[in-house]
Amino acid sequence: MAYQTQLDQTNLLTKPEQLDQLPASTRSNRSQPNATYATAQQIKAILKENTDIANQSVQKNRTGLHQLTSDALGNQNQYELTIKNPEQTRNHELYLKLEGITVTPLDAAQTAANKANRAVLANRALVPLNQLTAIRNNLTSYDNGSFVITASAHGMSNAVTQLGKDELSNYLPKHQALLNLGYSAKSRKTITIKFDGPAAINIKKTRLIAVPFKQNYHRQIKRLQQARLHQLRLQKNTVTGISHEPQKAVLTTSIPYSSGWQLSIDGHPTNTKVVNQAFVGGVVPAGNHRIRLTYHTPGLLVGFIITLITSLCLAGSWLWYLIVIRKSSQK
């Protein structure tokens, strides 16, 4: 689907008159004695920085959504994808595909600058000790690479979440994502994009895909639902069934993958495969076939042999002690 990318500038401060519209609770009255306050030039510089960010965003996203960025205060900007032919989304399932995702981390210097800019526009005093404390706090924190990208359309919302590097075994780098924005019988005109985490997120390619719900789609779903093992039997450490597929297919299970699972087709051993990134599966040829999955604990036989050898050695040592050592002591 063709679309245009627009930066939502509703909350982006770029003009002096916008400062007067800020809530009074967020602005100081400059009553602190012996304090230094921001000058008009400093305020103008921050507003110009936001203007430059907006212009750069328009330039970056002129051919599609390629960058999500923050303003000079550290607030993440919001974006709108306007669909050029919204009528074509009727009775369709909508997907947002993001490819080549990279992040621009929020470093200590940028964090300190964002806090200083917020103090300036809030009319708060620029106390050197407070600035020093902020810098010290920033030095003890770091960007772990986590982020969240959220897309919303016509009441349906979905997100891709990147956990930080400090999540240990749960950390998995995500450089692409496919977000399902749901089905709707009505047309959808805009997609709202938000993000949270780093200073900016760069995207090599963003595509909006509409999948029609027509008879062909329903036929495919029905065929996939019928593509299953028949006469399925679940026993202890064993799964059996019969395949009747007219063409070669991939056996997919919800059993977590382990090298202990062994697959046989018509009694012949067949290699297992990791399917859906984490589960046990395998390739099944066309025709009628008897499928059998059997689980054997990995290393069980080796462990039994090692235990047996160790037990024999201990028994031999004990006998040697009884026969030799005790005879020697009796002499």
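Strand S3 and strand S8 (residues 190-196) pair in the antiparallel sense through four bridges, where strands are DSSP runs of E of at least two residues, numbered from the N terminus, and pairing requires that DSSP finds at least two bridges between the two strands. Within S8, Ile193 is the bridge partner of Tyr79. The model is a predicted one, in which local features need pLDDT of at least 70 and side-chain atom pairs count only at pLDDT 80 or more, whereas totals for chains, interfaces and linings use all residues. Residues are numbered from 1 along each chain as its sequence is written, and side-chain values use heavy atoms, with hydrogens and water left out.

Strand S3 (residues 78-83) also pairs with strand S1 (residues 3-8), again in the antiparallel sense, over six bridges. Thr5, which lies in S1, has Leu81 of S3 as its bridge partner. The side chain of Thr5 reaches the backbone nitrogen of Leu65 at 3.4 Å. When neighbours within four places in sequence are left aside, Thr5 is in contact (heavy atoms within 4.5 Å) with Asn61, Gly64, Leu65, Tyr79, Glu80 and Leu81.

A further antiparallel pair is formed by strand S5 (residues 147-153) and strand S6 (residues 156-162), which are joined by seven bridges. Ala151 has Asn158 in S6 as its bridge partner, and in the hairpin of S5 and S6, with two residues between the strands, His154 adopts a positive phi near 55 degrees.

How values were computed:
A polar contact is a pair of N or O atoms within 3.5 Å; within protein, one must be able to donate a hydrogen and the other to accept it, and residues adjacent in sequence count only if both atoms are side-chain atoms.
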